[in-house]
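Have the structure open as you read.

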Amino acid sequence: MSDSSVKHATAPAEESWLQRRFKLHQRGTRVKTECLAGITGFLAAAYLLIVIPSLLAAGGIDKGAATTGVIIVFVLGSLLMAFYANLPFMVGPGIGGSVLVGITLAGDGISWPIALGIACWSGIVFFVMTVLGLREVVTRSVPQSIKLGLTASIGIFVALLGFRNAGLVAASAKTNALGLGDFTAPGAIIALLGLLVAVALQARKVPGALLWAILFATLIGIPFGVTHLPQQWFSLPHSVGPLLGKVDLLGAINIAFLPFLFIFFASEFFSTMGTTLAVGGEAGLLDEQGNMPNINRPFVVDSIAAALGPIVGIPAATALIESSAAAEAGGKTGLTALAAALMFLLMLLFTPIALMIPKEATAPALILIGLNMFSGLRKVDLGNFTDGLPVLMMVMITLISNSFGTGIAGGLLFYVIIKVVAGKAREVPIGLYILAVPLAYYFATLVHH
């Protein structure tokens, strides 16, 4: 083929607005791959449309309005991530922040407008730290061994979430210890069949394997009574009016609420950092030192989402770990986030379709993604006791606390302690010594709350 014919063949791709805007060629990806990845990520995160409003409703927030608010945050946050950061991260409310507002703070008698105010102030602090570049400084001071172990720590959280959604693992009501679930239950059977299909398709390198597995599990869930067909496929969204602008910023300014503010801030800070690095690693976007170029851009996006989300009644918006499903499906650019945002936008009118997808159908994707992320442990020098032990502690704390944000915070604190006790205090960056003080306070507040 002549040079002129090659230029002619590649001209349409070069002229494509999507190719230019999202730099698809530079990152070795295609429009089809990015769109499939976005749809896969959306399906993996669709269960949050059910979970988040339910958690917030437990604290007195209108469930219908919260559902619309969740979709708005998903759409606007993911669009901002797509066009400003050009990264394949979905942005939306995390479960941890919703539990804090709907259950923890409500249980302490704090009204939901004030709880949203605390969440909003946390997002404002996020934004200020991001603008000042402090979040990037903290991220770059994280030891290489911890960065390498992040994927395993988040992997165990994702895999456990998948097992619990599938009903394959259950927590004892008496001891809260984990145990095996009922493998003969319809939901567990659906999840296992979906897992087998996902494994078979991935082994054969079928494009969109996770997406097809989710759709397969959703369909076979109909005769099993796990997938419930909606009475209507189309519905107008609930008004967000009952929540719009009801955040109480002044009421949240109270010294008694400082521990809650810090719990919000610390858990979301480390969750976002871990998600960004782990999913960025899955997408091949990190450098040799495990850092992400221009990491301040996704930090700006999630801090804006965290600060503005409470205005529509939705706390703690962040880059979601479910984005790992999109990265596993080949997503590398903001086009993935754009595709996911458009899918969530459709849910304003077709919410019944998203709510139709059972958590058991998305569980196989989460299980496979989480287990695959354990491969990051191979890069950690476990033979070096003072480097390997903090990583293993990070993984264990994530499992015990059911929070990868808490796990990462624990891993960093143990890193400092173990290095000092082992007589290697000089290997600890000065920034980590400073960070250890608020980390210790964070764990103290967790114990008392």
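Which helices do the buried residues of α10 pack against? They pack against α9 (144-166), α11 (209-224) and α16 (359-372).

## Ground rules

This is a predicted model, so local features need pLDDT of at least 70 and side-chain atom pairs count only at pLDDT 80 or more, while totals for chains, interfaces and linings use all residues. Residues are numbered from 1 along each chain as its sequence is written, and side-chain values use heavy atoms, with hydrogens and water left out.

## Helix α10

Helices here are DSSP runs (H or I, at least four residues), numbered from the N terminus.

Gly-187, Ala-188, Ile-190, Ala-191, Gly-194, Leu-195, Ala-198 and Leu-201 are buried in α10 (buried is under 20% relative accessible area, exposed over 50%, partly exposed in between, with a 1.4 Å probe and protein chains only). They sit on the same side of α10 because they cover an arc of only 155° around the axis, taken from the directions from the helix axis to the C-beta atoms. Leu-196 and Ala-203 are exposed, on the face turned away from the buried side. Just after α10, Lys-205 takes a positive phi of about 55°.

## Ile-357

Ile-357 lies in the loop between α15 (334-356) and α16, and counts as buried because its relative accessibility is 10%. Neighbours within four places in sequence aside, Ile-357 is in contact with Leu-43, Ile-214, Thr-218 and Thr-362, contact being heavy atoms within 4.5 Å. Ile-357 and Ile-214 are 143 residues apart in sequence, with 8.5 Å between their C-alpha atoms.

Methods:
Helix = DSSP H or I, 4+ residues; strand = E, 2+ residues; numbered from the N terminus.
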